[in-house]
Amino acid sequence: MSLLEIKGLRANVGEKEILKGLDLTVDAGEIHAVMGPNGSGKSTLAQVLAGNPAYEVTGGTVHYGGKDLLEMQPEERAQSGMFLAFQYPVEIPGVSNAYFLRAAYNEMRRARGEEEVDPLEFADLMEQKLAQVDMDPAMLQRSVNTGFSGGEKKRNEILQMAVLEPRLAILDETDSGLDIDALRIVADGVNALKRPDNATIVVTHYQRLLNYIVPDFVHVLANGRILKSGGKELALELEERGYDWLTSAPAVAGAGAA
Amino acid sequence: MTTPVAAASAAESYIGAFDELVNRDSGPESVRAQRRAAFDRFAALGFPTTRNEDWHFTSVSPIADEDFVLLSSRSGDVRRDELDPFRFGATDWHTMVFVNGRFEPTLSDVGALSPRVGIRDLRSAWTDDPDAAARVGTITDWENQSFTALNTAFMQDGAVVRIPKDEIVERPIHLLYVTDANAAKGMMHPRNLVLVGRNASATVIESYVSTSDAMYFTNAVTEVSIEAGATLRHYKIQREAHRAFHVGTTEARQARDSHFVSFSFASGADLSRTNVYTTLAGEGCGTTLNGLYLLDGEQHGDHQTQVIHAEPNCFSRELYKGILDGRSHGVFNGKVYVHPIAQKTDGKQTNNTLLLSATAHIDTKPQLEIFADDVKCTHGATVGQIDRTALFYLESRGINAAQARRLLTYAFAADVLETIEVAAVKDGLESMTLERFV
């Protein structure tokens with residue numbers, strides 16, 4: 001059984017159809033890259049998988065760990081080990097990062113039938129996780145993402161990922177707006193979490209991040225469907241040739257998707 | 001303005017109780033004369049109607065239409081342990097307890113206060129501290145405010161607190177007004193006076209709470225005088241019974257270099273109006289007026305603040321936040337007057353409201369009248385709902401929808417609660433905010 005199995009997925013934002021029959025299968029232990037031009041539906045795919053109610057699923061099926069994902073509330077998906085690193089992490093003034101992380105961590109533990117941890121135990125855990133993503137402990141006392149720089153926000157997403165240890169992590173444009181140093185820290189964080197029983201989907205526009213997070217599979221998403229799939233060398237080809245050779249020739253693209 | 005017909009009928013329903021009161025033991029002759037003058041003013045003014053600009057969004061007809069009985073003798077039946085939920089977990093505060101509007105010495109603990117501090121109930125002050133008692137009615141404008149006139153006519157009890165020059169009172173003084181079932185259909189007119197001497201400092205907490213769900217009317221007035229260089233922190237906690245009516249006015253007068261820090265928390269009563277007024281009557285004063293109101297069901301909660309900048313080089317800071325659910329109605333009116341002489345005034349006013357339902361509503365009205373030309377005065381008001389993006393972000397981390405909403409509701413109020421300097425009060429109000437909208 002695959003960890004994630006998407007078949008013929010269609011989704012709208014408002015009246016506009018963004019995903020138009022998307023198929024994708026991810027098995028445990030794999031890293032998949034989903035690449036594509038702006039507006040191709042990459043972020044929509046990520047948000048739909050996480051259960052954002054702003055997106056309406058109009059067709060297709062998604063199974064996650066054998067369960068019907070589309071029937072699950074966003075928090076149930078998270079409690080079942082799904083994690084979305086947001087392209088635009090949300091600022092929440094008034095809620096400290098430490099409180100937020102511990103609340104999320106304890107929800108996960110509760111869902112697994114484990115004891116909640118108290119603030120002291122949690123502080124020990126955080127010390128190790130902070131080091132892993134090279135983050136200043138002072139960031140824990142600040143409100144969630146509030147006033148963080150772009151790089152700090154992305155690093156905070158990876159910190160959450162490190163704490164929650166997901167089965168399926170979806171990184172939505174985690175590389176955008178990062179300099180190379182920050183990019184490497186983020187990539188190291190992701191690589192350190194890789195295990196045979198979990199999987200990662202890296203959604204990105206550029207090949208750059210894939211120098212550091214090496215994918216097993218690369219998929220090209222355009223116009224709401226996967227046009228082409230291949231190995232990591234496909235990313236290099238896309239970097240070289242751009243997306244036009246795939247998207248501007250509908251006949252070829254249609255054949256590739258079929 | 002009130003019509004003569006309404007005014008006459010307003011006074012008519014109170015005249016019997018008033019005659020009875022002045023014919024009984026109701027203070028020294030000077031107080032009785034003030035009562036008569038105040039009752040005449042109330043008779044002339046009547047209850048305010050919504051044609052009065054200051055009451056445009058708040059109809060007091062539920063109060064005007066009710067025949068309240070003046071609670072004139074000790075009527076309460078409250079045990080000490082019943083007060084525990086209202087003490088914010090503090091055991092070492094100086095506390096005066098009033099049950100159904102009357103001072104209850106057996107429930108009060110003020111023995112640990114320095115003997116230099118004068119603290120008495122109003123009736124004792126009339127005989128034991130007449131100089132202080134004579135200040136009652138000199139700070140508020142009872143001649144032009146109906147409810148304050150009504151209070152001045154009917155006041156029977158309250159606290160007279162006098163902090164002498166240079167005295168630093170470390171622990172809060174808690175004036176705890178509690179009602180029980182015996183208050184049903186009754187009215188009370190608590191009258192407090194807080195005099196803070198030169199370079200002195202104190203914290204006064206004024207709570208209005210109930211052990212019952214009785215319908216009653218509290219009409220409280222607190223007068224505050226802050227002498228040069230002194231500081232008063234004043235926390236007003238309005239948690240009246242849900243069918244009760246509450247009108248409360250705090251009016252301060254500040255001398256040179258004094259500081260007034262006010263926080264108004266309002267979550268109780270069916271209909272409430274809270275006035276917080278201060279006059280910056282000397283140079284170099286600062287005033288901070290903050291507040292949080294939590295309303296749901298059919299509650300109506302109105303706040304009016306007024307800062308009069310009468311002298312140069314003063315600052316005022318104001319942050320009021322409201323969280324409204326159900327079909328509740330919130331009102332905020334923030335007045336700032338800057339006199340021509342009050343150059344270099346630095347004023348900032350903010351009112352933010354979070355609406356948790358489609359049927360709750362807020363009327364917010366900043367009102368700045370600036371007659372000096374070298375000042376910095378800003379105001380801003382926002383009305384919003386729970387941020388759906390933030391809600392989804394929390395849910396995507398495994399936090400269930402209800403908990404996420406609570407967290408965001410609390411987070412909305414967090415910055416104004418952070419300004420509370422008494423940790424026990426801050427923690428208590430934080431918990432009340434978290435638990436209010438479940």
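Colleague: What makes you say that chain A and chain B are in contact?
Modeller: This is a predicted model, and the test is distance. Two residues are in contact if their C-beta atoms lie within 7 Å. By that test, 20 residues of chain A are in contact with 16 residues of chain B.

Colleague: Which elements of chain A give two or more residues to that side?
Modeller: They are helix H2 (74-79), strand S7 (92-96) and H3 of chain A. The largest share, five residues, comes from H3(A).

Colleague: How do the residues on that side of chain A divide by class?
Modeller: There are 14 nonpolar, four polar and two charged.

Colleague: H3(A) also packs against H5(A). At what angle?
Modeller: Helix H3 (residues 97-111) and helix H5 (residues 150-164) of chain A pack at about 35°, with their axes 10 Å apart. Among the residues making this contact are Leu101(A) and Tyr105(A) of H3(A), and Gln160(A) and Val163(A) of H5(A). By class, this contact has six nonpolar, three polar and no charged residues.

Colleague: Why is Glu121(A) called exposed?
Modeller: Count its neighbours. Glu121(A) has 12 other C-beta atoms within 10 Å. A residue with 12 or fewer is exposed, so Glu121(A) is exposed. Glu121(A) lies in helix H4 (residues 119-132) of chain A.

Colleague: Now the largest nonpolar core. Which members touch the most others?
Modeller: The core has 192 residues, and those touching the most other members are Phe83(A), Ala85(A), Ile170(A), Val161(B), Val196(B) and Leu232(B). Helix H8 (residues 401-418) of chain B gives the most to this core, with nine residues.

Colleague: What is Val196(B) in contact with, leaving aside neighbours within four places in sequence?
Modeller: Its contacts include Ile163(B), Ala202(B), Ile226(B) and Leu232(B).

Colleague: How many residues does each domain of chain B give to the contact between them?
Modeller: The domain assignment gives domain 1 (4-281) and domain 2 (387-438). Their centres are 32 Å apart, taken over C-alpha atoms. The contact takes 11 residues from domain 1 and nine residues from domain 2. On the domain 1 side, strand S9 (201-210), strand S11 (231-239) and strand S13 (259-266) of chain B each supply at least two residues.

Key. Residues numbered from 1 in each chain as written. Chains lettered and ligands numbered in written order. Predicted model: local features only at pLDDT ≥ 70, side-chain atom pairs only at ≥ 80, totals over all residues. Axes fitted to C-alpha atoms, helices over the stretch in contact; angles between N-to-C directions. Helix = DSSP H or I, 4+ residues; strand = E, 2+ residues; numbered from the N terminus. Nonpolar A, V, L, I, M, F, W, Y, C, P; charged D, E, K, R; others polar. Core = buried A, V, L, I, M, F, W, Y, C linked by C-beta atoms within 7 Å. Buried ≥ 20, exposed ≤ 12 C-beta atoms within 10 Å, placed from the backbone. Domains from an automatic or database assignment.
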